[in-house]
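Notebook open, viewer open. I want to jot down what I look up, one element at a time.

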Amino acid sequence: MDLIGMDIQLPVSQPIDAVSYKAPAKLNLFLHVVGRRADGYHLLESVFQLVDLCDEIRVFGAKDGQIRRPVGAWGVAEANDLVTKAALLLKTTVHDNSLGARIEVVKRIPMGAGLGGGSSDAACTLIALNQLWGLNFSVNELAALGLKLGADVPFFVHGQTAWVEGIGEILRPVTTPKLWFALIYPGVAVSTPKIFQSPELTRNSRKLTIGGSLTWDSSIGFVGRNDLQAVAITLEPAIGEALNRLTAFAPARMTGSGACVFAAFSDPLKAKAAVDAVLSEAPQSWRGWVVRSVDRTIRLNCDGV
Ligand code: C5P
């Protein structure tokens, strides 16, 4: 099993005032829109695959009542950052005004890319503060709180590659092949609400039955499709261009609501060759990575406390 970092099974008696965790990204190996709720949210069917491209979150607990985020993603105001919202949500839930935190986010996962970076950071913050503030919420309770912040947050709280239904809150662990992914960011960020609001969006995909594991074939890729892809390409043609270029090496697909696209390989050198070839002829704003599938997030406390 591939793990990110080390477990954080600390003795309850050991006092800690800071933790530093890795917050992994995800890929949607397929994403079907199978309906819509009365409140406008879409019912999905997807496999969320954790990968080893990570942000790093440092959280310091305090008793001064202040929630601060002095280090964060460029262009994201402190108050708008999902990590700040996660801390405030946890604090208001327990009605304790004395609780404070300083949260530092080192961004490596691109934003507006369909990789769930913001949701993963928020999940990490919930887990860190649950521990630092000694709140003892269970993982399920934190996941339910996380759903108020965003549909993908419960998945990252559970931290396990999963079959996902509902709007993102129904999760079942699923076994996926150990693979390497060529991941391309085509220099554009996509607005998730804009994609979901499109009149052109397919909202009635037929449901799949895959059981407890997902198969992959190097010539056809993964089962299904990403129902958000066609709308995303219309809004941002660079996504279509990235897909065309990557498809020359392996079956390629968009993740989430875009803009990143990916293709899977059993050989990391082939994944790297694909990324290098795509980037060699791409505009400067494009970026690329080779990332690896991960089964579970095991949270690393980088400070060793
Ligand atoms: O929950 P999150 O903040 O990630 O979603 C952003 C927006 O995307 C929502 O406000 C909603 O418009 C849309 N969305 C949706 N169905 C989902 C997830 C998101 O319609 N399952």
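I started with S12, a strand that is mostly covered: 5 of its 5 residues are buried. Buried here means under 20% relative accessible area, exposed means over 50%, and partly exposed is in between (1.4 Å probe, protein chains only). Strands (E, at least two residues) and helices (H or I, at least four) are DSSP runs numbered from the N terminus.

Before going on, a note on the source: this is a predicted model, where local features need pLDDT of at least 70 and side-chain atom pairs count only at pLDDT 80 or more, while totals for chains, interfaces and linings use all residues. Residues are numbered from 1 along each chain as its sequence is written, and side-chain values use heavy atoms, with hydrogens and water left out.

Which way do the side chains of S12 point? Val261, Ala263 and Phe265 go one way and Phe262 and Ala264 go the other, and all are buried.

Next I checked the neighbours of S12. S8 runs antiparallel to S12, joined by 5 bridges. Two strands count as paired if DSSP finds at least two bridges between them. In this pair, Phe181 stands opposite Ala264. S11 (residues 252-254) is also antiparallel to S12, with 3 bridges, and Met254 has Val261 as its bridge partner. S11 and S12 make a hairpin with 6 residues between them, and Gly256 in the turn has a positive phi of about 55°.

Then I moved to H8, residues 268-280. Its 13 residues reach 18 Å from first C-alpha to last, close to the 18 Å expected at 1.5 Å a residue. The expected span is 1.5 Å times one less than the number of residues. Which residues of H8 are buried? I found Ala271, Ala274, Val275 and Val278. They fall within an arc of 95° seen down the helix axis, so they line one face of H8. The arc is taken from the directions from the helix axis to the C-beta atoms.

The buried residues of H8 pack against S8 (180-185), H7 (237-247), S12 (261-265) and S13 (287-294), with contact meaning heavy atoms within 4.5 Å. At the start of H8, a side-chain oxygen of Asp267 comes to within 2.8 Å of the backbone nitrogen of Leu269.

S2 pairs with S3 in the antiparallel sense over 16 bridges, and Leu31 stands opposite Ser46 in S3. The two form a hairpin with 5 residues between them, where Gly40 in the turn has a positive phi of about 95°.

Last stop, the cores. A nonpolar core is a set of buried Ala, Val, Leu, Ile, Met, Phe, Trp, Tyr and Cys residues joined through side-chain atoms within 4.5 Å. In the largest, with 37 residues, Val59, Ile103, Leu126, Leu129 and Val157 touch the most other members. H2 gives the largest share of this core, 8 residues. Apart from it lies another core of 31 residues, including Phe196 and Trp286.

Key
A polar contact is a pair of N or O atoms within 3.5 Å; within protein, one must be able to donate a hydrogen and the other to accept it, and residues adjacent in sequence count only if both atoms are side-chain atoms.
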